[in-house]
Amino acid sequence: FFKQKTAYEIYQCDWSSDVCSSDLSTKIRFAVPNTSNVKLIIYNMLGQKIVTLLNEVKNAGTYELSWDASGLSSGIYIYKLQTGLKIITRKMMLIK
């Protein structure tokens, strides 16, 4: 999945929606090269925090979190991976 595990990386997988339910979720994968406190936060385009998905110490490695966005409206959202040494932000589009 990640070619190099010595760098901070973050990646959003495709949205998955079950036609028979109102479930709308995505998976966010990220890698950290060393043990550190990791925060993964979702914001709307106004900069308002929607949810903190993670705020804990993680060992070096690759991780995956699910985010259920079924209660939110369509739009562009920002997800931010923050550690003691690095901040990475990416955009994602939610279309219902």
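Is glutamate 56 buried, partly exposed or exposed? Glutamate 56 is partly exposed, with a relative accessible area of 37%. On this scale, buried means under 20% relative accessible area, exposed means over 50%, and partly exposed lies in between (1.4 Å probe, protein chains only).

This is a predicted model, in which local features need pLDDT of at least 70, side-chain atom pairs count only at pLDDT 80 or more, and totals for chains, interfaces and linings use all residues. Residues are numbered from 1 along each chain as its sequence is written, and side-chain values use heavy atoms, with hydrogens and water left out.

**Stop 1: the whole protein**

Show the protein as a cartoon. It has eight strands and zero helices, so the pattern along the sequence reads β-β-β-β-β-β-β-β; both element types are DSSP runs numbered from the N terminus, helices being H or I with at least four residues and strands E with at least two. Of the 96 residues, 34% count as buried. Among contacts with a separation of 6 or more, 53% are between residues 24 or more positions apart; a contact means heavy atoms within 4.5 Å.

The accessible surface is about 5,900 Å², and 50% of it belongs to carbon and sulfur atoms. Such areas come from the Shrake-Rupley method with a 1.4 Å probe, and for residues only the protein chains shown count as cover.

**Stop 2: the salt bridges**

The whole structure holds three salt bridges. The term stands for a side-chain nitrogen of Lys or Arg within 4 Å of a carboxyl oxygen of Asp or Glu.

Select glutamate 56 again, together with lysine 58. These two form a salt bridge, with the closest N and O atoms 3.1 Å apart. Lysine 58 counts as buried, at 18% relative accessibility.

Next, select Lys27, Arg29 and Glu64, which are linked in a network of salt bridges. Lysine 27 pairs with glutamate 64, and their closest N and O atoms are 3.8 Å apart. This pair links distant parts of the chain: lysine 27 is in strand S3 (residues 24–32) and glutamate 64 in strand S6 (residues 61–68), 37 residues apart. Glutamate 64 also meets arginine 29 in a salt bridge, at 2.5 Å from N to O. Here too distant parts of the chain are linked, with glutamate 64 in strand S6 and arginine 29 in strand S3, 35 residues apart.

**Stop 3: asparagine 44**

Select asparagine 44, in strand S4. Asparagine 44 is buried, with a relative accessible area of 15%. Leaving out residues up to four places away in sequence, asparagine 44 touches Ile50, Ile76 and Tyr77. The side chain of asparagine 44 also makes a polar contact with the side chain of glutamine 48, at 2.7 Å. A polar contact is a pair of N or O atoms within 3.5 Å; within protein, one must be able to donate a hydrogen and the other to accept it, and residues adjacent in sequence count only if both atoms are side-chain atoms.

**Stop 4: a nonpolar patch**

Finally, select methionine 45, in the loop between strand S4 (36–44) and strand S5 (49–58). Met45, Ile76, Met93 and Ile95 make a nonpolar surface patch of about 410 Å². Patches are made of residues with over 30% relative accessible area and no salt bridge, where nonpolar side chains (Val, Leu, Ile, Met, Phe, Trp, Tyr) are joined within 5 Å and like charges within 9 Å.
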